[in-house]
Amino acid sequence: MGKGRYLVRRLVYIVFVFFIISILMFFIYKSMPGDPVRMMLGDVSQSMKPDAYQALYDRTYLQLGLDKPLVVQYFIWIGNMLTGNFGYSTQYKRDVIEVIGTPMLNTLMLNAVSMLVVFAISIPLGIATAVRKNGVFDKFIQVITIVGYSLPSFIIALLLIFAFAVKIPIFPISGVRSPGFSGNGFEMFLDTAWHMALPAIVMSISGIGSITRYVRAEMIDVLRMDYIKTARAKGLKEKTVIYVHAFRNALIPIVTIATAWVVALFGGSVVIESVFLWPGLGKMLIDGLMQRDFSIVLTMQMFYVILALAGNVIMDIAYTIVDPRVRLEN
Amino acid sequence: MKNDQNGRKVLLEVRDVKQYFPVKKTKLREKQRYVRANDGITLEIYEGETLGLVGESGCGKSTLGRTILQLYPQTHGDIIYHKDGQAIDLKQQNAEQMRVLRKDLQLIFQDPYSSLNPRMTVGQIIGEGLTSHGIFKKNDPAMKEYIFQVMEECGLATYMFNRYPHQFSGGQRQRIGIARSLALRPRFVVCDEAVSALDVSIQSQILNLLSDLKAKAGLTYLFITHDLSVVKYISDRIAVMYLGNLVELADAEELFSDTLHPYTEALLSAIPTTEEDGGRERILLEGDIPSPVNPPEGCKFHTRCRYCQEKCKHEVPEWRELSDGHWVACHFPLHENNVPTGEVIG
């Protein structure tokens, strides 16, 4: 089967999965207790006469389409979702799309930076420790990485705040930008990077710990293979043996775990965002749940669904690149 | 170039080679123990011959092959490679010098399934060594022609060039392995159980292929196997190994007709024949092969030898040349009529 047809099949498959999940989510949120109209109107009931409030209530009820059958409501909702109309946030009294932009950008920024740091450090480090297996360097890194990924991230966060914001105050402890900041684009970039340093370091540390150990284990497995001996016996340079023969074969499981981990990052940064008061998606999701702001919660859930499905497609594409055997099989 | 007394050119000298592998310690203050895979091996390999190396599983045959090619960091001894009148001690070479020498010294692996990189096409597998040794430049159109030629020599169709190893059968994969090593036009090839993973019908095809290539290119083989019928068919000389040591080495004919070591005798008696068993006695070795971590004292074979005497339990037998080109390590070598002599010869 060609690569193109394989991809088309995968895409059709995830569109199908997307709709099934969206139906499930919609009905779960519909069956939750609480009156969305009253939630939306909020405190106005106290300042209005009962019959005026009832009229407003009925109008809003019709406006939200709650009189229609559930199936119709679902189609209206999913149609709105797909055209970029994510609904109205009862908590912020604004459209979801206006509210969600900045936190999403903040989260993406933080995650992208820590992801780059993690891969840039852990892959070469994992390879280097695998090649020097059981040496002093390897054992040293083994200890460091196990500490890194065993410690919960909020403990690392507190330790780093204590060290680099309290004892040696070189980084700010919270926020995205200095209060009352003004300056041109580049200064803004520097200021944001300065604020991002601590949360990004914390997020990277646990990632580096686990991914380094994972890369090392995979590389050790592969380096034991006969075809590595074949490569050496051919008279290839040791660099070629390690980076071309061994690493390419170790890549498949690394791709799997890395993709799963990238998807998990977006949900998992809730803790870090709370500790550093980083206004991202994690904080927004928690607030939305607390305030029963279902439009926001549902929109974000669908975002995570899309992220997970996209992760799967990316994983599939990555497989076809790193493993020639995948291309020809189903 | 060094010659022996019969005027044969020596290609490789193996002098007292030892290869130990550390055993993982189970207790903290334990003394480091070693698997003695090769425990002092001395032999010469002549140019243009096929030297068969036989022995039970786990006796160190493959280790010797790989140690000669310096695929393990060698523990002890010298391996001298004679090239253009120069004697090169392989152990003394640095990584880069050794890498260059690998063009001459090649290996065909035992397992055709695990020894080919699953991410590379046949063309890449064969071509990689060629570019690495500067025989061809990368993307040289002549290289593809040359690879096609090698593939055809080894019985592979050229349309297989762009296929991956998993698309082939075991016999075809073994041919890929052979084509890969022979494409470099080596002088010496270690065939490490090159046919034992294959069907009998394919075995004979591959053996014939190896003999043809040897005749064409003047190759020297170290043919490692546990299959005695194969080794008899292909070898000029045969070396017998037991628990990390050579016990007997002789011309193929002589080893079968004038067996000197009791272990060889037992091995040879185990070859299945199609004749009705008239006079031939099957000698059963009792017990398992002892551990190479704690080999028995004296002659390592004494625990299983049916001619064992008191001396065998304490003294290590010397590796000596009893008659011309017939080496043995035994205190009491057998006579032609297969009874122990009870006296030391030599």
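**Reading the packing**

Reply: H3(B) passes H4(B) in a right-handed crossing, where a crossing is left-handed if the near helix is turned anticlockwise from the far one by less than a right angle, and right-handed if clockwise. This is a predicted model, in which local features need pLDDT of at least 70 and side-chain atom pairs count only at pLDDT 80 or more, while totals for chains, interfaces and linings use all residues. Residues are numbered from 1 along each chain as its sequence is written, and chains are lettered from A and ligands numbered from 1 in the order in which they are written.

Me: At what angle do the axes of H3(B) and H4(B) cross?

Reply: Axes are lines fitted to C-alpha atoms, for helices over the stretch in contact, with angles from 0 to 180 degrees between N-to-C directions. Here the axes of helix H3 (residues 122-132) and helix H4 (residues 141-153) of chain B come within 10 Å and cross at roughly 115°. That makes H3(B) roughly perpendicular to H4(B), the term for 65 to 115 degrees, with angles under 35 roughly parallel, over 145 roughly antiparallel and the rest oblique.

Me: Which residues of H3(B) and H4(B) meet?

Reply: Two residues are in contact if their C-beta atoms, placed from the backbone, lie within 7 Å. On H3(B), Gly123(B), Ile126(B), Gly127(B) and Leu130(B) meet Met143(B), Ile147(B) and Val150(B) of H4(B). This contact divides into five nonpolar, two polar and no charged residues; Ala, Val, Leu, Ile, Met, Phe, Trp, Tyr, Cys and Pro count as nonpolar, Asp, Glu, Lys and Arg as charged, and the others, Gly among them, as polar.

Me: How many bridges join S4(B) to S5(B)?

Reply: Strands pair if DSSP finds at least two bridges between them, and helices (H or I, at least four residues) and strands (E, at least two) are DSSP runs, numbered from the N terminus. Strand S4 (residues 76-83) and strand S5 (residues 86-89) of chain B run antiparallel, joined by four bridges, and Tyr81(B) stands opposite Ile88(B) in S5(B). The two strands form a hairpin with two residues between them, and Asp84(B) in the turn has a positive phi of about 50°.
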